[in-house]
Amino acid sequence: MSKPLVAANGESTTEAEAHLPATRWALAGLALSMLLPSLDTSIANTSLPILAKAFGASFQQVQWVVLAYLLAITTLIVGAGRLGDLMGRRRLLLVGISCFTFASALCGLSGNLWVLIVARAEQGLGAAIMLALTIASVSEAVPQARIGRAMGLLGTMSAIGTALGPAAGGILAATFGWPAIFLVNVPLGTVAFLLVLRHMPKERPDAKPLHGGFDPLGTVLLALTLAAYALAMTLGRGEFGALNIALLLGAVIGAGLFVHAEKRAASPLIRLAMLRDVNLSAGLAMSALVSAVMMTTLVVGPFYLSRTLGLAPAWVGVVLSSGPCVTVLSSLPAGRLVDRFGAWRTTVLGLSGIAIGTSVLSALTLAPSSFGVAGYVGPIVVTTLGYALFQASNNTAMMTGVAPDRRGVVSGMLSLSRNLGLVTGASAMAGLFAWAVGMSNAANADSAAVAFGMRVTFGVAAASMVLAIAIARRRSRRRLG
């Protein structure tokens with residue numbers, strides 16, 4: 001008789017399935033912990049004009065409502081993951097949910113713009129903990145044979161949050177006032193806290209490091225470096241000036257200081273030898289490349305749909321929602337494919353889908369009037385299906401091969417690579433598009449120029465996916481060897 005499969009939390013699959021209701025509730029808690037920070041990444045974007053009017057502030061001031069949240073996540077997520085490894089991931093996840101929920105209430109009750117911005121930074125701290133530890137906690141919550149499906153579910157929650165954010169923010173602000181976009185998190189955060197508290201199993205004793213400690217110097221240096229890079233990529237509203245260059249130079253210097261500090265630290269935040277692990281380094285590189293390409297569809301797509309195809313703003317929004325909708329519908333089936341065929345094959349398959357979709361997008365702009373909206377939606381669907389498959393397989397491949405006492409920091413690094421890819425894609429790919437169009441304000445370009453910019457930008461995106469496929473194949477060969 002065959003032996004039962006062993007789950008990541010030490011139980012056999014048969015034993016784990018005996019506790020299936022508890023497993024489902026624990027997974028529901030993790031799903032909410034992924035949904036809420038993803039939702040708040042974009043929920044305030046559509047309400048910036050309302051906030052500017054409510055507080056009598058300029059756009060440059062109210063944009064910090066968004067930037068404070070994103071910067072807190074980007075700078076703190078790796079440190080949050082490491083702290084979870086040391087303190088216990090379940091315990092710190094509960095702290096993160098509490099912090100996020102309390103800060104959401106504070107945001108909704110803020111009567112001053114700068115109080116709101118500080119509260120958003122605190123909310124970003126809670127979100128960083130939640131994003132870092134949700135993926136890292138999957139192995140404790142579900143049997144090994146179901147990890148792919150669980151990763152697919154978390155991918156679905158992330159996509160739902162990102163897709164619903166702008167629409168939910170606009171509806172809530174218009175119906176109940178701007179505080180509602182933050183106060184909606186309070187009941188949802190409370191439910192997530194109770195689900196994790198009651199149903200999430202505690203880590204086994206060997207899941208925590210037997211020695212080592214926190215690295216405050218490395219954490220601060222990494223946070224400052226990432227903050228400088230993120231600000232260099234986001235400030236200036238599309239114009240890369242002297243301040244952006246200075247911040248980018250500061251990021252390079254900060255990276256050098258961080259590497260030097262980690263070499264000398266007794267318990268480094270990131271053991272640099274980890275990056276020589278081809279599974280880890282390849283997974284991080286592919287995640288950044290894929291995230292940059294997916295951000296390109298959101299940054300460049302609206303110009304093509306409005307200027308070249310002549311769609312009204314409402315229809316642009318409808319067409320753009322096709323990508324997130326496909327992600328929502330395909331993430332769970334993608335997770336099942338990962339469980340059935342393995343992470344290595346499905347990673348290459350997912351990357352190939354993105355490469356094909358972006359290549360077709362680039363080619364169809366040679367004759368946009370011949371294909372119309374279908375010529376945009378079809379390749380976007382293929383690209384998004386590939387993205388859903390890649391996310392589930394890459395997350396599974398990276399997290400199942402990690403020692404229990406490093407899952408938090410690796411999960412944090414994985415989320416960080418995604419965020420940096422999104423930031424870089426929004427800046428670098430938008431800059432490439434503007435260069436190809438021939439003017440910084442593409443909204444005033446003619447349809448032919450925008451189509452050419454689209455062709456160049458997605459041609460580069462397809463080339464980056466070919467590079468990602470080469471990285472994936474190299475990772476596969478090294479693993480098999």
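Predicted model: local features only at pLDDT ≥ 70, side-chain atom pairs only at ≥ 80, totals over all residues.
Two packed helices are described by the angle between their axes and the distance between the axes. The crossing in which H17 passes H19 is left-handed. Where H17 meets H19, the contact residues comprise 17 nonpolar and eleven polar ones, with no charged residue.

The next pair is helix H7, residues 113-136, and H20, which pack with their axes 8 Å apart at an angle of about 120°. This angle makes H7 oblique to H20. Their crossing is right-handed. On the H7 side the contact is made by Leu131, Ala132, Leu133, Ile135 and Ala136, and on the H20 side by Arg407, Gly408, Ser411, Gly412 and Ser415. Sorted by class, the residues of this contact are five nonpolar, four polar and one charged.

Helix H20, residues 407-437, also belongs to the lining of the second largest pocket. Rolling a probe the size of a water molecule over the atoms shows where empty space is left. The second largest pocket holds about 680 Å³ of space. It is lined by 28 residues, of which Leu226, Ala288, Leu416, Ser417 and Leu420 are the closest to its centre. Besides H20, the elements giving two or more residues to this lining are helices H12 (216-234), H13 (242-264), H14 (278-308) and H21 (447-480). The lining residues divide into 22 nonpolar and six polar, and none is charged.

Methods:
Residues numbered from 1 in each chain as written. Heavy atoms only, no water. Left-handed = near helix turned anticlockwise from the far one by under 90°. Helix = DSSP H or I, 4+ residues; strand = E, 2+ residues; numbered from the N terminus. Nonpolar A, V, L, I, M, F, W, Y, C, P; charged D, E, K, R; others polar. 1 Å grid on protein atoms, 1.4 Å probe; cavity = no way out; pocket = protein on both sides within 12 Å on 5 of 7 lines; lining within 4 Å. Points joined across faces, edges and corners; volume = space filled by probe spheres on them. Axes fitted to C-alpha atoms, helices over the stretch in contact; angles between N-to-C directions. Parallel < 35°, antiparallel > 145°, perpendicular 65-115°, else oblique. Contact = heavy atoms within 4.5 Å.
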